[in-house]
Amino acid sequence: MSNEKSNRGFASMDESKQRKIASKGGKAGGGDHATHEQHVEAGRQSSGGTHEQHVKAGQQSHKNT
């Protein structure tokens with residue numbers, strides 16, 4: 001393996017550029033992104049039932065195989 005410093009990736013950037021990006025707290029991509037919790041809640045609302053109801057339905061469907 002070479003001892004040369006790569007010029008790719010976050011670690012290869014100068015410290016001031018790293019700090020500028022890091023200060024954005026993961027928002028460097030821009031846009032209005034939903035949080036994980038918002039995705040989970042949307043999934044709950046669209047699934048049409050609780051996890052327990054889905055498990056029970058799955059068990060019922062496997063009885064006939």
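Mentor: Start with Gln 18. Setting aside residues up to four places away in sequence, Gln 18 touches Phe 10, Ala 11, Ser 12 and Met 13. Gln 18 itself sits in helix α1. Keep in mind that this is a predicted model.

The backbone oxygen of Phe 10 is 2.8 Å from a polar side-chain atom of Gln 18. For Met 13, the backbone oxygen lies 3.4 Å from a polar atom of the Gln 18 side chain. Both pairs fall within the 3.5 Å cut-off for a polar contact.

Now turn to Phe 10. Phe 10 belongs to the segment before α1. Leaving out neighbours within four places in sequence, Phe 10 is in contact with Gln 18 and Ile 21. Phe 10 and Ile 21 are 11 residues apart in sequence. Their C-alpha atoms are 9.2 Å apart in space. Is Phe 10 buried, exposed or partly exposed? Phe 10 has a relative accessible area of 40%. Buried requires under 20% and exposed requires over 50%, so Phe 10 counts as partly exposed.

Side chains of opposite charge can pair when their charged atoms come close. Arg 19 forms a salt bridge with Glu 15, and the closest N and O atoms are 2.7 Å apart. That distance is within the 4 Å limit for a salt bridge. The count for the model is one salt bridge. Both Arg 19 and Glu 15 lie in α1, which spans residues 15-22. They are four residues apart, about one turn of the helix. Arg 19 is exposed, and Glu 15 is exposed as well.

Next, the setting. The chain has three helices and zero strands. From the N terminus, the elements run α-α-α. Of the 65 residues in the chain, 2% are buried. The chain exposes about 6,400 Å², with carbon and sulfur atoms supplying 51% of that area.

Last, confidence. The chain averages a pLDDT of 75. A score of at least 70 is reached by 74% of the residues. Confidence is highest in α1, at a mean of 89. Confidence is lowest in helix α2, residues 36-47, where the mean is 75.

Conventions:
Residues numbered from 1 in each chain as written. Predicted model: local features only at pLDDT ≥ 70, side-chain atom pairs only at ≥ 80, totals over all residues. Heavy atoms only, no water. Salt bridge = Lys/Arg side-chain N within 4 Å of Asp/Glu carboxyl O. Helix = DSSP H or I, 4+ residues; strand = E, 2+ residues; numbered from the N terminus. Buried < 20%, exposed > 50% of the residue type's maximum accessible area, 1.4 Å probe, protein only. Polar contact = N/O pair within 3.5 Å; in protein donor to acceptor, adjacent residues only side chain to side chain. Contact = heavy atoms within 4.5 Å. Areas by Shrake-Rupley, 256 points an atom, 1.4 Å probe, with all protein chains shown as cover. pLDDT = per-residue confidence, 0-100.
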